[in-house]
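Take a look at the chain below. This report walks through its parts, piece by piece.

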Amino acid sequence: MKTIIILGAGQFGHACASLINTSFTRLLAFGDNNVSLHGSALGDVPVMSVKDAVALQPDFALIGVTDQDRTNQLREQARENGFQGEFLLLGELYRWFDIRSATLHRMADRLNYLGVPGDAAELGVYKGDLAWQINGLFPDRTLHLFDTFQGFDARDIEEESQHGFSRARKGEFSDTSISFVRSRLPYPDQAVFHKGFFPETAAGLKRCQYAFVSLDADLYSPILAGLEYFYPRLSPGGMILLHDYNNRRFQGAAQAVADYEKAHGRLPLVPLCDLHGTSVILSV
Ligand SMILES: C[S@@+](CC[C@H](N)C(=O)[O-])C[C@H]1O[C@@H](n2cnc3c(N)ncnc32)[C@H](O)[C@@H]1O
């Protein structure tokens, strides 16, 4: 059995831990430069300084961040502290493999193959990184795109900080525009933009039916409102791709699911092992 440490105990490092092949390798520890994390544990794996993690003499050190500067910094630190083993770089792997995007493609294949009726939609568009893919995968369907296009709204942020769900700030993700997103879409004529505060922007869309929805608003209130609006309007066989469900940075997503389930009963939800803690919700 080989041994491994993960350097970087944030969301991505944590997500890497659940991807490790435990029949081949054993995760010994997380190493992180954030002193406030030392002495804590992620699951049953301890978080410690980089120096202490390296002192465990693992065979592999997985650098669990994607940012190039932090990757270099952690790698140097490990070497300086005497690490002799092999490095695995999440940033490199992530450039080649993207579980969320791959899952989106397989979902679209199935929805189109089965001919599940309904439109496509995304709540939380930002610069359209996922929207252009959705549009390309569903060329024959209307794509509803919901966003303030001015970043997080003060009403949602108030709720967020009151409950300590995240450290999100008003106006984050505001550096975008409808014209920019539209210019990225392969089938722009299929897109309908709903600019403004969700769920207000869905008020006139009570009769819509959806085959595919991406819920990527990060925060508790819009995600709960998104479930309330979209889930009853999913066609039989329809699917929601919910971002951040297992995300330690945006804990409002899991709470929104829990509160929705408290009010309406269990959702058929399948967690994915991507870096963002995405999950898939199916219609019944
Ligand atoms: C993480 S970004 C979306 C990322 C995007 N899906 C991508 O693929 O890059 C979250 C977005 O949700 C939007 N958002 C959050 N709360 C909202 C609300 N109540 N109404 C409309 N948009 C909202 C923000 O403006 C922001 O653009």
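## Two domains

The protein splits into domain 1 (2–95) and domain 2 (99–282). Such domain bounds come from an automatic or database domain assignment. The model is predicted: local features need pLDDT of at least 70, side-chain atom pairs count only at pLDDT 80 or more, and totals for chains, interfaces and linings use all residues. Residues are numbered from 1 along each chain as its sequence is written.

The centres of domain 1 and domain 2, taken over C-alpha atoms, are 31 Å apart. Seven residues from domain 1 and seven residues from domain 2 make the contact. Two residues are in contact if their C-beta atoms, placed from the backbone, lie within 7 Å. On the side of domain 1 that touches domain 2, helix 1 (residues 11–19) gives the largest share, six residues. By class, that side of domain 1 has four nonpolar, three polar and no charged residues. Here Ala, Val, Leu, Ile, Met, Phe, Trp, Tyr, Cys and Pro count as nonpolar, Asp, Glu, Lys and Arg as charged, and the others, Gly among them, as polar.

Helices (H or I, at least four residues) and strands (E, at least two) are DSSP runs, numbered from the N terminus.

Two strands pair if DSSP finds at least two bridges between them. Strand 2 and strand 4 (residues 45–48) pair in the parallel sense over two bridges. In strand 4, Val47 stands opposite Phe30.

Axes are lines fitted to C-alpha atoms, for helices over the stretch in contact, and angles run from 0 to 180 degrees between N-to-C directions.

Which residues of helix 1 are buried? They are Phe12, Gly13, His14, Ala15 and Cys16. A residue is buried if 20 or more other C-beta atoms lie within 10 Å of its own, exposed if 12 or fewer, and partly exposed in between; C-beta atoms are placed from the backbone. The cover over these residues of helix 1 includes strand 1 (2–7), strand 2 (25–31), strand 3 (41–42), strand 5 and helix 4 (90–96).

Seven strands form another open sheet, ordered 9-8-7-10-11-13-12, and the pairing is mixed. Strand 9 and strand 12 (269–271) are at the edges; each has a single partner strand, so one side of each is left without a neighbour in the sheet. Neighbouring strands of this sheet are turned by 15° against each other on average, direction ignored.

Strand 7 and strand 8 run parallel, joined by four bridges. Glu122 stands opposite Leu145 in strand 8. Of the five residues of strand 8 (residues 143–147), five are buried. Leu143, Leu145 and Asp147 point one way from strand 8, while His144 and Phe146 point the other way. In a regular strand the side chains alternate between the two faces of the sheet.

Strand 12 and strand 13 (residues 279–282) pair in the antiparallel sense over three bridges. Ser279 in strand 13 is the bridge partner of Pro271. Helix 5 (residues 99–114) lies across strand 10 and strand 11, running at about 170° to strand 11.

## Around the ligand

There are 21 residues around the ligand, and Gly124, Asp129, Leu130, Phe198 and Pro222 come nearest. A residue is near a molecule or strand if its C-beta atom, placed from the backbone, lies within 6 Å of it. The shell divides into 11 nonpolar, three polar and seven charged residues.

Most residues other than glycine have a negative phi, and most peptide bonds are trans. A cis peptide bond joins Phe198 and Pro199, with omega about 20°. Pro199 lies in the loop between strand 9 (191–195) and strand 10 (210–215).

Gln57 has a positive phi, near 55°. Asp244 also has a positive phi, about 70°. Asp244 is buried, because it has 26 C-beta neighbours inside 10 Å.
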